[in-house]
Amino acid sequence: MTEERVVTGIAGLDEMLGGGIPSGQIIALLGSCGTGKTTMSMQFIWTGLQKGEKGIFISLEEDEAAISGNARTYGWDLGPFIGNKTLTLVKLEPSDAKSTISRIHSELPAYIKQTGAKRVVFDSVSLLSMLFDNDSERRQGLFDLCKQIKNSGATAIFTAEVKSENPNVSRDGLVEYVADGVILLRYNETSDGSDIQLSVRIVKMRRANHSRRIKPYNITNKGIEVHAKAEVF
Ligand SMILES: Nc1ncnc2c1ncn2[C@@H]1O[C@H](COP(=O)(O)OP(=O)(O)OP(=O)(O)O)[C@@H](O)[C@H]1O
Ligand SMILES: [Mg+2]
């Protein structure tokens, strides 16, 4: 039996994924700042909206206006979808750690169920991680969040920043273990040092066949474009 796939809407990435994200899975989207994590995860939500699938975009970084404004630069007008409640944008205030964490635990599962969201984005889980007092609470907190989303049946992307000394691993060192899949975004200087090249790699994907090749991508005014046929040089 082939598992149902949830397309990201980024053609080259869906090809690398073997059709899309396996339905119900949680994907950790790792990358350093400016690699396009927020853009890629919003594109995933936008693709769902075009299909009439409800989405929740939870941000610890930007408020509703900033998220919408950002999306508009790619030609994605979120307004009508917010208006008819197909899309819910949630801004969590990281200044109040305790209430943020308890809100997530107490309200999110009911919220996903109540809205019937099929796609959920958490941007970023690195900021959430920093709210916990210690490693064991952090581990438990992330684990609980995953379990709640899994129970809801939604397919999710958690964005995460990478360590500055090692751009292959997340800053909290946890999210790649609790997630079902890991997509890694990187930028490298071209060999002559005159430009940078963005590249994407699927590090893991539970219960699914996928490409392990590293592929180049661009951030354009229509969002992310992955060049699955091209090679990174
Ligand atoms: N309309 C656009 N057209 C082309 N490129 C854009 C456009 N808007 C933003 N970008 C590029 O995308 C980058 C930001 O992407 P994005 O915010 O998704 O990255 P991020 O990984 O979420 O970053 P951060 O770690 O800061 O949250 C910008 O630095 C810019 O280079
Ligand atoms: Mg971002």
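Q: How far apart are the end C-alpha atoms of α2, and what span should its 14 residues have?
A: In this predicted model, α2 runs over residues 37-50. At 1.5 Å a residue, its 14 residues should span 20 Å, so the expectation can be set against the model. The two agree, since the end C-alpha atoms of α2 are apart by 20 Å.

Q: Is α2 mostly covered or mostly exposed, and how many of its residues are buried?
A: A residue counts as buried when 20 or more other C-beta atoms lie within 10 Å of its own. In α2 that holds for residues including Lys-37, Met-40, Phe-44 and Trp-46. The helix is therefore mostly covered, and the number of its 14 residues that are buried is twelve.

Q: Which element gives the largest share of the shell around ligand 1?
A: The shell holds 13 residues, and Cys-33, Lys-37, Thr-38, Thr-39 and Thr-73 are the closest. Two elements, α2 and β10 (215-220), each supply at least two residues of this shell. The largest share is three residues, and it comes from α2.

Q: What is the class make-up of the shell around ligand 1, and how many of its residues are polar?
A: Sorted by class, the shell has three nonpolar residues and one charged residue. The polar residues in the shell number nine.

Q: Which strand is joined to β8 by five bridges, and in which sense do the two run?
A: Strand β8 covers residues 181-189, and its partner here covers residues 26-31. One bridge places Ile-27 with Gly-181 of β8. The two strands run parallel, and the partner is β3.

Q: How many residues lie between β8 and β9 in their hairpin?
A: β8 and β9 (residues 196-205) run antiparallel and are joined by nine bridges. Among the bridge partners are Leu-185 and, in β9, Val-200. The turn of the hairpin contains Gly-193, with a positive phi of about 75 degrees. The number of residues between the two strands is six.

Q: How many of the residues of β7 are buried?
A: Strand β7 takes in residues 155-161 and is mostly covered. Thr-155, Ile-157, Thr-159 and Glu-161 point one way, while Ala-156, Phe-158 and Ala-160 point the other way, and all are buried. In a regular strand, side chains alternate between the two faces of the sheet. For β7, the buried count out of seven is seven.

Q: Which strands pair with β7 over six bridges and over four bridges?
A: β3 pairs with β7 in the parallel sense over six bridges, and Ile-26 stands opposite Ala-156 in β7. The pairing over four bridges is also in the parallel sense, with Arg-119 standing opposite Thr-155. The strands asked for are β3 and, at residues 119-123, β6.

Q: Is Lys-85 buried or exposed, and what is its phi?
A: Lys-85 sits in the loop between α4 (79-83) and β5. It is exposed because 10 other C-beta atoms lie within 10 Å. Its phi is positive, in a residue other than glycine, with a value near 65 degrees.

Q: What is the phi of Arg-207, and where does this residue lie?
A: Arg-207 lies in the loop between β9 and β10. With 9 C-beta neighbours inside 10 Å, Arg-207 counts as exposed. Its phi is a positive value in a residue other than glycine, near 55 degrees.

Q: Why does Val-90 count as partly exposed?
A: Val-90 belongs to strand β5 (residues 87-91). Leaving aside neighbours within four places in sequence, Val-90 is in contact with Ile-56 and Ile-58. Val-90 counts as partly exposed because its number of C-beta neighbours inside 10 Å is 18.

Q: What radius of gyration does the protein chain have?
A: The protein chain comes to eight helices and eleven strands. With 233 residues, a compact globule would have a radius of gyration near 17 Å. The chain agrees with that, so the value is 17 Å.

Notes
Residues are numbered from 1 along each chain as its sequence is written. Chains are lettered from A and ligands numbered from 1 in the order in which they are written. This is a predicted model: local features need pLDDT of at least 70, side-chain atom pairs count only at pLDDT 80 or more; totals for chains, interfaces and linings use all residues. A residue is near a molecule or strand if its C-beta atom, placed from the backbone, lies within 6 Å of it. Ala, Val, Leu, Ile, Met, Phe, Trp, Tyr, Cys and Pro count as nonpolar, Asp, Glu, Lys and Arg as charged, and the others, Gly among them, as polar. Two strands pair if DSSP finds at least two bridges between them. The expected span of a helix is 1.5 Å times one less than its number of residues. Two residues are in contact if their C-beta atoms, placed from the backbone, lie within 7 Å. The radius of gyration is taken over C-alpha atoms; the globule rule is 2.2 Å times the number of residues to the power 0.38.
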